[in-house]
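Reader: I am new to this structure. Please take one chain and look at it closely, including how it meets its neighbour.

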Amino acid sequence: MATVLSPRARRHVELLDHAWRERRGLLGWLTTTDHKRIGLMYLFTSLAFFAAGGVEALLIRTQLIGPAQHLLTPEAYDELFTMHGITMIFLVVIPMTTGAFGNYLVPLMIGARDMAFPRMNAVSFWIFLGSGVFLYIALATGQAPNAGWFDYVPLASKQYDPGLNIDFYGYGLIFNGIASTATAINIIVTIFKLRAPGMSLNRMPLFCFAFLAAAFSLVFALPALTLATIFLELDRQLGFHFYDVAFGGDPLLWQNLFWIFGHPEVYIIILPAFGIATSIIPTFVHRRMVMFPLVALAELLVAFLGFGVWVHHMFAVGLATMVTVYFAAASLIIVIPSAIQIFAWITTILSGTPEFKTPLLWIVGFIVFFIVGGLSGITLAAIPFDQQVNASYYVVAHFHFVIFGGAVFPILGGMYYWFPKVSGRMYHERVGQLSFWLSFIGTWVTFFPMHLVGIDGMPRRIYTYTAASGWATLNALESVGAYVLAAGLLLVIANLAVSLLKGPRAGNDPWRGDTLEWATSSPPPPYNYAVVPTVSSAYPMWDRDDRERDAVRLDRGEGVLARGHETPASTVQDAEFDEVLAMPPHSLWPPLVGLALFVGFVMLLLAHFVIAAAVGGAAALLLLAWHAEAPREEAGAPVPGLGTPGEGAAT
Amino acid sequence: MSVRAPSVVSSNAARLNAIVWFGVLGGPAAWAVQFLFAMQFALARCESPNARFQFPVHGISLALGVAGVVVALLAELAAVAVFRATVPDRGEHDAASITRGRLHFLAAVGMTVNPLTLTICAMVAVGVPLLSVCRQS
Amino acid sequence: MRDRAAPGMGRRAPWRRACAIASASALCVGGCGGRQSIVAPRSHQAHVISLLWWWMLGASVVVFAGAVGLLALAFLRRRSAGLPLVGKREDLAGGMVIGFGIVVPLVVLVTLFGASDIYAVRFSEAPAPGSTAMTVDVTGHQWWWEVRYPGSQAVTANEVHIPVNTRVRVLATTDDVIHSLWVPRLARKIDMIPGRENAILLDTPDAGRYVGQCSEFCGLAHANMRIAVVAEPAASFAAWLANAARPAPPPAGASATSGRQLFTGRGCDGCHELRGTEAQGQIGPDLSHLASRATLAALTVPNTRAELAAWIEDPQAIKPGAHMPDLGLSAGEAQKIAAYLEGLH
Amino acid sequence: MSAVGPTAGAGAVRPPRRGPTGGPAGEQIAVARSAQPSGVWGMALLLCSETMLFAGLIASYFYLDFRAQRWPPPGVAAPQVLDPSVLTAVLVASSLPIALAARRARAGELRATIAMIALAAVLQSGYLAFQVHQLAAELPALHPRGSAYASAYVALLGLHHAHVLLGVLLDLGLLFWLVARGLSDYRVTGVRAVALYWYVVNAIAVAVLLTELSPSL
C-alpha cells in the first residue's frame with residue numbers, strides 16, 4: 001500500500017508477506033500458482049502467437065496485393081490462412097482474454113487473493129502452451145492444417161488430405177480445449193465463491209459479468225468441437241464413417257457440430273471485450289455506467305442466444321427454409337443485447353465528462369468498428385442476402401470488424417489501461433495515441449474494402465485472382481492497410497516495452513479507477529489485498545469511506561487472514577462471508593501433467609495408441625500424487641472483521 | 001412492504017428469490033424449448049428420406065410458439081412483481097437491503113429478457129406457417 | 001453488356017434502374033460493378049436480393065451516422081456533464097438506452113425478418129421439381145464443372161448454356177468434396193454437398209455471358225474453379241444443344257489426324273471422353289466439342305491453340321494443383337493434339 | 001440464502017453444520033459452510049461440459065439415424081435388449097452406496113465411507129468389465145468400418161465406457177488417500193464431488209442405454 005502504515009498494520013502486512021512468499025527464478029515461474037504470474041505467462045505466450053498470426057496475415061495480404069502473384073504456392077497459402085485463423089482464435093484471443101485478462105484481473109476485481117483452483121489454473125496454462133507448440137510444430141514441419149479453420153469434410157478426410165495436416169488440427173484443438181475448459185470452470189467458480197463479502201451479484205463489476213458469460217459459453221460450447229474432432233480422428237485414423245456418405249455418414253454432421261461450437265465461439269471472443277470496455281469507460285468518463293442491470297443482462301443474454309444461431313453459417317447448404325428461419329430469427333434478436341450495450345456505452349460517454357486518453361480512444365474505436373461489424377452481421381441474418389455473400393470477402397470483412405475491431409481493440413486498450421497496475425509504471429501517452437490512430441486507420445483501410453470486393457463477387461480463400469475480375473485496386477488498398485496496421489501494433493508493443501523499463505512510477509490508482517484492483521499497490525503483492533476489502537456498491541473505489549474503513553481494519557487486524565495462504569469465500573448470490581479457504585501454494589505437478597499430456601497427444605497424432613494410453617496412465621498417477629499436498633484445514637472459528645463462517649444461511 | 005424484521009426477511013426473501021429466478025429464466029427457457037423441439041421436428045420432417053417423420057410441422061411450430069409466448073408473459077409478470085416489491089432503500093447496508101438490492105437487480109434483468117425471447121417465439125410461430133413445407137432455400 | 005442498365009422488364013423496370021444506377025455509383029471503387037457483382041443483377045431473384053441489400057445498406061448508414069454523431073457530440077461537449085439540452089437526467093439517459101437499444105431495433109429487426117426471411121426468400125428458393133421448363137445437372141469436381149442436359153446426349157464442362165426467358169432448374173451435386181455454385185448476377189449460391197441434391201433457379205431475360213466461381217474452399221485449385229453461364233436466344237440455344245449432343249467430329253487434316261492418334265497413344269483417353277470414339281475416359285471433362293468452348297481449365301485461360309498446347313504440355317504451370325498429369329509430351333506432340341482438339345466444334 | 005445459483009443447480013439449502021470431530025486423528029472436519037464447497041461447484045461445471053459432450057453424441061446418433069434409409073443398415077442385427085439393460089441397472093444401483101458414502105463422509109465416519117466407495121467401485125468396475133467384454137464380442141459382427149451405424153454405436157458405447165473408467169479411477173484415487181490420510185474437509189469435498197460425478201454418469205448411462213437400444217424398442 002502506498003499510504004504510510006502504522007506499526008501494527010505493518011506487522012500484519014509482514015505476516016502476509018511471509019505467508020505468501022513466492023519462489024524466485026525460473027523454478028518460481030515453473031511452479032507458481034499465483035493467478036497474476038500465470039496471467040502474465042498467458043499474456044506473453046499469446047502475444048508471441050499474435051506475432052506469428054500477424055506475420056501469416058501479412059504474407060496472405062502480400063500474396064493478394066495484385067492479380068496473379070507468385071509469392072506463395074497454393075499449398076503454402078492454404079496452410080497460412082488456416083493457421084492464421086486457428087492461431088488468432090485458439091492461441092491468441094481466448095488465452096489473451098480468459099487466460100491473461102481473466103486470470104490477472106477477475107480475482108483483483110472481486111477482492112480475492114487467488115483463483116478458486118490455483119493449481120488447475122497453472123495446469124491449464126501449461127496445457128495451452130503445449131497445444132500451441134503442438135500446432136506450430138505442424139507449421140515448422142510443413143504439414144500444417146490446410147482445410148480452413150472450420151475444416152469442412154470431406155476435404156479434411158483422409159481421402160482428400162492424407163498427410164498429418166488435419167490430424168494436427170484435430171488433436172491440437174482437443175488438447176487446446178482442455179485448457180480453455182479448465183480456465184472457464186476456474187473463472188466461474190472464482191466469481192461464484194470468492195467475491196469479497198458484500199459484493200452481491202448486483203454489485204459485481206460488469207467486467208466479471210462479461211467473463212462469467214464467456215466462461216459459461218466455453219463450458220457449454222467446446223464439447224461440440226471436441227466431439228466433432230473425435231469423430232474426425234476416428235474417421236481418419238480408424239476408418240469410421242461419421243462423415244462418409246458412401247457408408248451412411250453425412251458431411252453436414254461436421255458442419256452442425258462445428259458451428260454449434262463455432263458461433264458461441266464468436267461471442268466467447270467478443271464478450272471479454274465488452275467487459276474491458278465497460279471497465280474503461282466509467283473510469284475515463286467519470287460516471288457510472290448508464291443502465292447497469294441491462295448491460296449485465298446483455299452480456300449474459302448474448303452468450304445464451306449465441307447457442308441458437310449456428311445454422312446462419314449454413315444457409316447455403318440447401319436446408320429447408322422452415323428450418324433455417326428458426327436460426328434467422330435468433331440471429332436477428334441477438335442483435336439487441338449488443339445494441340443495448342452500444343447505446344449504454346455511448347450514452348455514458350455522452351452524459352459524462354470523457355477524457356480521451358489512449359485507453360478510451362481504443363474503446364471508442366472499438367465501438368465504431370463493432371457497430372459496422374454488427375450491422376453487416378444483421379445483413380447476414382437475411383437468408384437470401386446471406387446466400388449471395390456467404391463465403392465471400394463480405395463475410396471476411398464482417399468477422400474481421402467484429403473480431404479485430406471488436407475484440408482486439410479493447411484488448412489493446414485494456415493493455416494500456418492496466419499497464420500501470422501490472423508494471424507499476426506509466427506508458428507514453430503521445431505515442432499511445434499515435435499507435436491508436438495508426439491501428440484505427442490501418443483497420444479501416446484493410447478491412448472495409450473487403451465488403452466491396454465481396455459484394456463484387458470475390459470468394460474467400462482464393463490464393464489468386466485475375467486482372468479481369470476488377471478486384472485488383474481494392475485488394476492493393478487492403479494490403480497497404482495491413483502494413484499500416486502492423487506498424488500501429490508494433491508501436492503499441494514498443495511503447496509498452498520501453499515504458500516497462502523507463503516509464504515514470506504510476507502509483508496505486510493513476511486513473512481514479514472505479515474497481516477494486518486500483519485499491520492495491522502496483523504491481524499488487526502476491527496476496528493482492530492486505531485486508532479483505534469492504535464492498536457496498538459496484539464501484540467500490542468510488543466509495544471512499546469504504547477504503548478508509550479498510551485502512552482502519554488493517555490497523556486493527558480485522559479481515560486480514562494473516563495466519564496462512566488464505567482467502568475468504570462467500571455465498572453465491574448475496575456474498576455473505578461463508579468460509580476461509582486455505583489456498584495451495586506453488587506446486588510442481590501442473591507443469592508435469594502438462595508435459596505428460598503433450599507427449600500423450602503427440603503419440604495419438606502418430607497413432608501409437610498403446611504408448612498414448614501408457615502416458616495417460618502416467619498423467620493419472622501424477623494427478624494422484626497432486627493431492628498429497630492437501631491444504632491445511634480450517635476450524636470454522638469466527639474471523640475478526642468478517643464474522644463466523646456459515647452464518648450466511650442464518651440471515 | 002416491511003422486510004425489516006429478520007424473520008420476515010428470510011421467508012419473504014426466499015419466496016421472492018424463487019419468483020425472481022423464474023422471472024429471469026422463464027422466457028429464455030421457453031424459447032430454448034420452442035427452438036429445440038419445433039426446429040428438430042422440422043429438421044426431421046425435411047431432412048429424412050424415410051416416411052416415419054411426417055409431422056404436421058406448421059401446427060407444431062404454431063403450438064410451441066404460442067406456449068413459449070405464454071410462459072414468457074408469465075415470467076415477465078413475475079419479474080415486474082418482484083421489481084415493484086423490492087424498491088431499494090438508500091443508505092442501509094444490512095443483509096436485508098443487500099438481498100433486496102440483488103432481487104431488484106435480477107427483476108430488472110428479467111423484465112428486459114422476457115420480451116426479447118417472447119419476440120423470437122412469436123416471429124417463428126407466425127413465420128413458419130407462411131412457408132411452403134420443406135422447400136429448400 | 002456489363003454495366004449497362006438493360007432495357008426494362010415490365011413491372012421490374014424501376015428496380016433494374018435503381019440497381020444499375022446504384023451499382024454504378026456505389027461500386028465503381030470496386031472496378032465498376034464487376035463481372036461477378038451482386039448489385040448488377042440480371043435476373044428477378046438477383047434483383048430482389050440486391051434491392052434487399054440497398055435497403056439494408058440505407059438503414060445501416062442511418063444507424064452508423066447516428067451513433068458516430070452521438071460520439072462526436074460527446075467529444076465536442078466533453079467538459080460538460082449530463083446529456084445535451086436536458087442535462088443530468090438519469091431517467092432520460094436510461095430511456096435513450098431502452099429506446100435506441102431495444103424498441104427501435106426490435107421494430108426494425110422484426111420487419112427485416114418478415115421482409116427477407118419470410119417474403120423475399122421465396123424468390124431464391126429452389127424451384128419445385130417439374131415447375132420449370134428444363135433441368136440442367138451441374139456436378140462439381142476438383143476443380144471443374146461437369147454439365148449435363150437430361151434427355152439429351154449433350155455433355156460439356158465449365159460453360160452452362162441456357163435459353164433466355166426460361167425457368168431452368170439447376171441440379172447441383174458433387175463428385176468429390178464440397179463446392180459451391182455461385183453466379184452472382186443470376187442467382188444466390190448453392191453448396192454442392194456429397195449425398196445431397198440441391199437446386200437453384202436460373203431465369204434471365206438478358207442474353208449474355210455471366211461468370212461465376214466456386215465459393216466453398218475445395219482444395220489447391222479452388223481459386224481457379226470458375227464457371228460461365230451463357231444465356232442465349234431460344235433458337236441459338238437449340239442449335240448449340242443439338243451440336244453438343246452429336247458425337248465428336250472426325251479429325252480434318254494431317255496434323256489433326258496424328259493429334260488424334262497421339263490423344264489415344266499417349267493416354268489422354270484414360271481420363272477424357274470423345275463421344276463416338278474409343279476414348280471413353282470418365283475422369284476429366286468430356287472433350288467431344290472442346291473447340292465450342294471459350295475457355296480452358298475452368299476459365300483459367302482462353303481457348304486458343306497456343307494456350308491449349310501449353311496446357312497440354314504442362315498443366316501445372318497454368319493451373320497449379322490440377323489433377324491433369326504432365327504426360328511428358330514434346331512441344332510438337334502437344335501442338336498436334338491441340339490442332340486436333342481445336343477442330344472439335 | 002444458499003448456493004442455489006442460476007446454473008448447475010448443485011446446491012440445496014442446508015443448515016450450516018459445525019463438523020463433528022471424527023476420522024482417524026480426531027481432526028476437525030466438514031468446515032462450517034452454508035454454500036456448496038468450490039470442489040463441488042467445479043465438478044458440477046465439469047459435468048455440464050461432459051453432459052454437453054454426450055448430448056452431442058446422442059444427437060449425432062439420431063441425426064445419422066434419420067438421415068438413413070434403414071437404421072441399422074441391412075445385414076446388421078438390432079442390438080439385443082436384456083444384457084445391457086441388466087448391466088445398466090447394476091450401474092445405476094451403485095448410486096446408493098455412493099450416496100451413503102457421501103453422507104457417512106460428512107458425518108466423519110471413515111470406515112463406512114471407505115466401505116461404501118469400495119462397494120460402489122466393485123459394482124462399477126464389474127459393469128465396465130462386462131460391457132467391454134460384450135462390445136469386444138460384438139465388434140467382429142458390426143465392424144465400425146462397416147457403416148455409419150456401427151461407427152455411431154461403437155463411439156457411443158466407447159465414450160461412455162471411457163467415462164465410467166474415469167469414474168472408477170476417481171474412486172480408486174479417493175480410496176487411496178482416504179486409507180492413507182483419513183478424512184478431512186478437503187477429502188469430504190472430494191467424496192461429495194465424486195458422488196456428484198457418479199449421479200450424472202449414471203443418468204447418462206440410462207440415456208446411452210435408451211439410445212443404444214432405440215432400434216430394438
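Author: Chain C holds 8 helices and 12 strands. The model is predicted. How is chain C built overall? Its radius of gyration is 26 Å. The globule rule gives 20 Å for 345 residues, so chain C is more spread out than a compact globule. Taken along the principal axes, the C-alpha atoms of chain C fill roughly 95 × 40 × 40 Å.

Now the inside. Of the 345 residues in chain C, 46% are buried. Contacts also reach along the sequence. Take those in chain C between residues at least 6 apart: 63% of them join residues at least 24 apart.

Next, the neighbour. Chain C puts 75 residues in contact with 73 residues of chain A. Which elements of chain C supply at least two residues each to this side? They are α2 (44–76), α3 (90–124) and β7 (190–192). The most comes from α3(C), which gives 17 residues. By class, this side of chain C divides into 45 nonpolar, 19 polar and 11 charged residues.

Chain A also touches chain D. That contact takes 46 residues from chain A and 45 residues from chain D. On the chain A side, α6 (165–193), α7 (206–238), α8 (251–285), β2 (577–582) and α19 (609–626) each supply at least two residues. Here α7(A) gives the most, with 9 residues. The side of chain A that touches chain D has 27 nonpolar, 12 polar and 7 charged residues.

Note on methods. Residues are numbered from 1 along each chain as its sequence is written. Chains are lettered from A and ligands numbered from 1 in the order in which they are written. This is a predicted model: local features need pLDDT of at least 70, side-chain atom pairs count only at pLDDT 80 or more; totals for chains, interfaces and linings use all residues. Two residues are in contact if their C-beta atoms, placed from the backbone, lie within 7 Å. Helices (H or I, at least four residues) and strands (E, at least two) are DSSP runs, numbered from the N terminus. Ala, Val, Leu, Ile, Met, Phe, Trp, Tyr, Cys and Pro count as nonpolar, Asp, Glu, Lys and Arg as charged, and the others, Gly among them, as polar. The radius of gyration is taken over C-alpha atoms; the globule rule is 2.2 Å times the number of residues to the power 0.38. A residue is buried if 20 or more other C-beta atoms lie within 10 Å of its own, exposed if 12 or fewer, and partly exposed in between; C-beta atoms are placed from the backbone.
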